[in-house]
Amino acid sequence: MDAIDTRLEQLGITLPEPFPPVGNYVSCVQTGDLLFVGGHGPIDGTTTIVGKVGTDLTLEQGREAARITALSMLATMHAELGGLDRVEQIVKVFGMVNVGETFDQMPAVIDGCSDLLVEVFGQRGRHTRTAVGMAALPFGIAVEIELIARVA
């Protein structure tokens with residue numbers, strides 16, 4: 001078992017099945033030592049979190065949506081790389097939050113993703129980040145997140 005798989009087990013985390021693309025694209029692409037993971041949403045195989053944070057969903061529900069999205073991205077990365085031990089550094093996270101008109105706490109929502117990445121990878125999980133609010137996201141999902149990782 002890989003070290004990161006062991007860490008996930010210690011944390012009581014089970015990765016969902018990778019979610020297939022819903023259009024004419026691939027879930028991730030590696031070029032050189034960078035892995036680009038396309039936009040993922042809060043889907044864990046049985047549940048999809050939809051709605052606008054700040055009106056339909058609370059800040060905490062938005063954070064949970066971001067955490068579930070991070071797990072979905074890790075599942076995609078695990079499938080692509082054959083394990084997560086090849087991840088040397090999470091470089092960049094770009095988080096989009098489906099927000100109600102006056103909601104402005106997008107960074108606090110995307111912390112749900114960032115916190116999980118640091119929990120799983122330690123210092124290798126610390127990254128630069130952008131967190132923005134959107135008037136709408138595909139299929140009404142609460143968050144959409146993409147990331148870039150440096151891999152071995």
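Predicted model: local features only at pLDDT ≥ 70, side-chain atom pairs only at ≥ 80, totals over all residues.

1. Asn24 counts as exposed, because its relative accessibility is 84% and the cut-off for exposure is over 50%. Asn24 belongs to the loop between H1 and E1.

2. With a relative accessible area of 52%, Val26 is exposed. Its C-alpha atom is 7.6 Å from that of Gly38, a residue 12 places away along the chain.

3. Asn98 is part of strand E3, which spans residues 87–98, and it counts as buried because its relative accessibility is 4%, where buried means under 20%. Between Asn24 and Asn98 there are 74 residues of separation in sequence and 23 Å in space, taken C-alpha to C-alpha.

4. The surroundings of Asn98 can be described in some detail. Its side chain comes to 3.2 Å from the backbone oxygen of Ile141. Residues up to four places away in sequence being left out, Asn98 touches Gly51, Lys52 and Val53, then Met134, Ala135, Ala136 and Leu137, and also Gly140, Ile141 and Ala142.

5. Phe139 sits in the loop between strand E4 (128–134) and E5, and a relative accessible area of 68% makes it exposed.

6. Helix H2 comprises residues 59–81, 23 residues in number. The distance from its first C-alpha to its last is 33 Å, close to the 33 Å expected at 1.5 Å a residue. Just after H2 comes Gly82, whose phi is positive, at about 75 degrees.

7. Within helix H2 lies Ser72. Is Ser72 buried or exposed? It is buried, as its relative accessible area is 2%. Neighbours within four places in sequence aside, the contacts of Ser72 are with Pro16, Phe19, His40, Gly41 and Ile43.

8. The largest nonpolar core contains 39 residues, and Met77, Val87, Ile90, Phe121 and Leu147 are those with the most contacts inside it. At least two residues of this core come from each of H1, strand E2 (34–40), H2, E3, H3 and strand E5 (143–151). The largest share is that of H2, which supplies nine residues.

9. Apart from neighbours within four places in sequence, Phe121 is in contact with Ile4, Leu74, Leu84, Val87 and Ile90.

10. Two packed helices are described by the angle between their axes and the distance between the axes. For helix H1 (residues 3–10) and helix H3 (residues 106–121), the angle is about 115 degrees and the axes are 9 Å apart. Which residues of H1 meet H3? They are Ile4, Arg7 and Leu8, and their counterparts in H3 are Glu119, Val120 and Phe121.

Terms used: Residues numbered from 1 in each chain as written. Heavy atoms only, no water. Axes fitted to C-alpha atoms, helices over the stretch in contact; angles between N-to-C directions. Helix = DSSP H or I, 4+ residues; strand = E, 2+ residues; numbered from the N terminus. Contact = heavy atoms within 4.5 Å. Buried < 20%, exposed > 50% of the residue type's maximum accessible area, 1.4 Å probe, protein only. Expected span 1.5 Å × (residues − 1). Polar contact = N/O pair within 3.5 Å; in protein donor to acceptor, adjacent residues only side chain to side chain. Core = buried A, V, L, I, M, F, W, Y, C linked by side-chain atoms within 4.5 Å.
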